[in-house]
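Here's a quick briefing to read alongside the model.

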Amino acid sequence: MVNGDPSRLAGQCAVVTGGSRGIGLAVARRLLADGAAVSLWARDQAVLEAASGQLAAGARVSCHCVDVSNPDEVSGAADQTRSRFGRVDILVNNAGILGPRAAVGDYPHEAFETVLAVNLTGTFNCCSAIVPEMVRNGYGRVVNVASVVGKDGNPFVSGYAASKAGQIALTKSLAKEVARSGVLVNAVTPSASETEIFGRLDDDRRQKLLANVPMGRFVEPGEIANLVAWLCSPECSFSTGAVFDISGGRASF
Ligand SMILES: NC(=O)c1ccc[n+]([C@@H]2O[C@H](COP(=O)([O-])OP(=O)(O)OC[C@H]3O[C@@H](n4cnc5c(N)ncnc54)[C@H](O)[C@@H]3O)[C@@H](O)[C@H]2O)c1
């Protein structure tokens with residue numbers, strides 16, 4: 001069951017990057033239940049269309065096939081979203097990739113750059129295309145989906161960890177920049193959720209991931225969506241530049 005109060009975000013428009021599946025799709029579902037129109041930005045047109053069909057929210061959903069690491073594509077998707085819904089009030093930077101698992105000495109340089117380009121530069125590109133409009137409007141909510149790995153690190157995923165730490169620093173910097181404008185910028189740091197980002201998880205890897213989590217289970221995308229939805233709402237009114245833990249007790253700070 002999806003929580004939601006359709007009057008909460010009525011009349012608002014949310015962009016959810018990586019909204020075609022996993023955590024992004026759960027966030028989209030929750031923001032729709034809260035009354036927002038939602039623009040899904042993701043890589044694969046067929047997956048986007050399937051997501052839009054699942055959401056079954058008709059005119060309140062639009063889909064854009066966009067690579068967030070490409071600033072021209074991001075700017076085009078922002079223009080299309082504005083022409084469809086008028087303005088953007090909420091931006092959830094959720095698009096992300098894990099990249100390879102490899103020791104630093106074996107980690108391909110090109111892959112390191114790609115992970116940073118999608119996870120970190122992609123977040124910057126979307127903020128750059130949308131936050132100035134929010135500032136002009138005097139209202140906006142930005143939520144960056146980082147990871148507990150960006151705070152605590154994990155072995156063999158240096159590109160991912162660095163990109164997520166960068167997202168946290170970008171969150172804090174941008175939040176201070178726009179703090180008096182009505183635009184709040186926060187990050188969430190989930191622990192592992194069993195989505196397609198991992199590919200197929202074998203038992204050994206699953207057990208290693210769970211061993212890190214004091215609560216001993218994966219977080220559900222819907223649980224992350226509930227936290228993100230609050231951060232996207234006017235009820236979140238005095239938190240900005242903050243990093244909200246959702247790691248089942250894993251985070252050490
Ligand atoms: N699943 C986890 O364990 C976990 C834990 C902490 C944080 N996160 C973060 O949550 C976010 C969503 O992850 P998920 O688990 O739902 O993964 P997922 O693989 O199921 O979904 C990723 C989404 O990002 C989109 N995407 C990937 N590259 C893109 C690009 N270049 N441009 C636009 N869209 C792109 C995909 O199309 C897809 O919609 C990621 O940022 C991830 O780092 C995930």
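Around the ligand there are 28 residues, and those coming nearest are S20, R21, Y160, S193 and T195 (a residue counts as near if one of its heavy atoms lies within 4 Å of the molecule). Keep in mind that this is a predicted model, where local features need pLDDT of at least 70, side-chain atom pairs count only at pLDDT 80 or more, and totals for chains, interfaces and linings use all residues. Residues are numbered from 1 along each chain as its sequence is written, and side-chain values use heavy atoms, with hydrogens and water left out.

**Ligand site**

- T195 puts a polar side-chain atom 2.4 Å from an oxygen atom of the ligand.
- R21 also has a polar side-chain atom by a ligand oxygen, at 2.7 Å.
- With V68 it's the backbone: an N or O atom there sits 2.9 Å from a nitrogen atom of the ligand.
- On its own the ligand exposes 830 Å², and the protein buries 96% of that (accessible areas come from the Shrake-Rupley method with a 1.4 Å probe; for residues, only the protein chains shown count as cover).

**Salt bridges**

- The whole structure has 13 salt bridges, each being a side-chain nitrogen of Lys or Arg within 4 Å of a carboxyl oxygen of Asp or Glu.
- One of them pairs E133 with R82, at 2.7 Å from N to O. E133 is in helix α4 (residues 109–137) and R82 in helix α3 (residues 71–85), so this bridge ties together parts 51 residues apart in sequence. Helices here are DSSP runs of H or I with at least four residues, strands are E runs of at least two, and both are numbered from the N terminus.
- E133 is buried, at 6% relative accessibility, while R82 is partly exposed at 22%. For the cut-offs, buried means under 20% relative accessible area, exposed means over 50%, and partly exposed is in between (1.4 Å probe, protein chains only).
- R206 bridges to E194 at 2.4 Å, N to O. R206 belongs to helix α7 (residues 203–211) and E194 to the loop between β6 (183–190) and α7, so the two link parts 12 residues apart in sequence.
- R206 also forms a salt bridge with D203, with the closest N and O atoms 3.2 Å apart. Those two are 3 residues apart in helix α7, about one helical turn.
- R8, R30, D34 and E235 are joined in a salt-bridge network.

**Nonpolar cores**

- The largest nonpolar core has 36 residues, and V27, L31, V38, L40, V92, V188 and V228 touch the most other members. A core is a set of buried Ala, Val, Leu, Ile, Met, Phe, Trp, Tyr and Cys residues joined through side-chain atoms within 4.5 Å.
- Helix α1 (residues 22–33) gives the most to this core, 7 residues.
- Another core lies apart from it, with 23 residues, among them A77, V118, V142 and A175.
- Beyond residues up to four places away in sequence, V92 touches several others, including V15, V27, V145 and C232.

**S233**

- S233 sits in the loop between α8 (221–231) and β7 (243–246).
- S233 counts as buried, because its relative accessibility is 0%.
- Setting aside neighbours within four places in sequence, S233 contacts R8, L9, Y139 and R141 (contact means heavy atoms within 4.5 Å).

Methods
Polar contact = N/O pair within 3.5 Å; in protein donor to acceptor, adjacent residues only side chain to side chain.
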